[in-house]
Amino acid sequence: MLGPQAYEKLFQTAIVIDDGSLDTVIEVDGIEHRYSYVNCEAWEMFDTYEEWKAWCIEDAVERQGYYADGVDEK
């Protein structure tokens, strides 16, 4: 089991404000997966931002960012 600090360092999650939108960026193996917080219609499924972020990490790791709004290789 990973501690919270190790978990953050492993996946390098970040909140990025870009062009006035609030995005969550998950970096896995040098690839950035960008999830739009503002434009997400599925946001209603989550009670907190932490649940949203956990879902984003799960998508980036297990589905290679299938539901990401953008995928960029670093």
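## Accessible surface and burial

In this predicted model, the chain exposes about 5,200 Å², of which carbon and sulfur atoms supply 50%; accessible areas come from the Shrake-Rupley method with a 1.4 Å probe, and for residues only the protein chains shown count as cover. Of the 74 residues in the chain, 27% are buried (under 20% relative accessible area, 1.4 Å probe, protein chains only).

## Model basis and confidence

Local features need pLDDT of at least 70 and side-chain atom pairs count only at pLDDT 80 or more, whereas totals for chains, interfaces and linings use all residues. Residues are numbered from 1 along each chain as its sequence is written, and side-chain values use heavy atoms, with hydrogens and water left out.

The chain has a mean pLDDT (the predictor's confidence in each residue, from 0 to 100) of 76, and 64% of its residues reach 70 or more. Confidence is lowest in strand 1 (residues 13-18), with a mean of 54, and highest in helix 2 (residues 49-62), at 88.

## Secondary structure and contacts

Two helices and four strands are present in the chain, in the sequence order α-β-β-β-α-β. These elements are DSSP runs numbered from the N terminus: helices are H or I with at least four residues, strands E with at least two.

Among contacts (heavy atoms within 4.5 Å) with a separation of 6 or more, 43% involve residues 24 or more positions apart.

## Nonpolar core

The largest nonpolar core comprises nine residues: I26, V28, Y35, F46, W52, C56, I57, A60 and A68. Helix 2 provides the largest share of this core, four residues, and strand 2 (21-28) and helix 2 each supply at least two. Such a core is a set of buried Ala, Val, Leu, Ile, Met, Phe, Trp, Tyr and Cys residues joined through side-chain atoms within 4.5 Å.

Key
Buried means under 20% relative accessible area, exposed over 50%, partly exposed in between (1.4 Å probe, protein chains only).
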